[in-house]
Amino acid sequence: MQFWKRDSIGRPDREKAPESLRATRRLRLLMVDEDATSRAVVARRLSHLGYDVALAENGFTALSMLVARPVDIILIDMGLTLLPGIVTMRKIRAAGLAGNACFVMIGGRNDRTCAVEALEAGADDHVVKPYDFDLLDARLRHLCARAEQMGTLTRHNAELDARIARRALELGETRDALAEMQADRARLVSSIQALHDEIARLNAARH
């Protein structure tokens, strides 16, 4: 299990990134790949592009890592053997460890079947080896921006639902209070009428 952060020395490919990307927070990424060389290369390049990269050599390690450290992006190699890539993704989701993370599956350049399988299984995107890191960076940031927008919309909807529920409760309480006031008024009117009737009866008795 490894964890990579960008070193303090500026890198040219990072400096080429648009200002809007450089200004955003560092995204947390977990890469699950059984190939140690591939893990190291991807971690180094993505670290220079502004990601905090954690590495897992198989799906079981990824599951244990996510318990302690949520991430924004989960990159999973489709060629995993100990725990297949799609099974790893499903287990992460079933365990409630994904949060709002985006799942990106990794396949071979000519393996269209894997791409279709990954997307049909619920992956957010599919990328191929060898990587075009500028394109990969743009796609990952786009996915995270979309996920953040969806999260914001979900939170706003939840807040709106909560406000509606509070107003409905307040309206219900107001209706109950109004009904009670109307009942009190009816009882008061009835009492006044009874008093008038009693006065009229006493006056009639005197005469």
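## Strand β5 and its neighbours

In this predicted model, strand β5 lines up in parallel with strand β6 (residues 125-129), and five bridges connect the two.

To get from β4 to β5, the chain passes through helix α5 (residues 85-94), making a right-handed β-α-β crossover.

Side chains of opposite charge can pair up when their charged atoms come close. The count here is seven salt bridges. One of them joins Asp-33 to Lys-129, with the closest N and O atoms 3.3 Å apart. These two sit 96 residues apart: Asp-33 is in the loop between β2 and α3, while Lys-129 belongs to strand β6. Asp-33 is buried at 1% relative accessible area, whereas Lys-129 is partly exposed at 28%.

Another salt bridge pairs Arg-139 with Asp-125, at 2.7 Å between the closest N and O atoms. Arg-139 is in helix α7 (residues 133-206) and Asp-125 in strand β6, so this pair ties together parts 14 residues apart in sequence.

## A pair within helix α7

Asp-184 and Arg-187 form a salt bridge too, 2.0 Å from N to O. They are three residues apart in helix α7, so about one helical turn separates them. Asp-184 is partly exposed at 37% relative accessibility, and Arg-187 is partly exposed at 49%.

Definitions and conventions: Residues numbered from 1 in each chain as written. Predicted model: local features only at pLDDT ≥ 70, side-chain atom pairs only at ≥ 80, totals over all residues. Heavy atoms only, no water. Right-handed = clockwise from strand over helix to strand, strands pointing away. Helix = DSSP H or I, 4+ residues; strand = E, 2+ residues; numbered from the N terminus. Pairing = 2+ DSSP bridges. Salt bridge = Lys/Arg side-chain N within 4 Å of Asp/Glu carboxyl O. Buried < 20%, exposed > 50% of the residue type's maximum accessible area, 1.4 Å probe, protein only.
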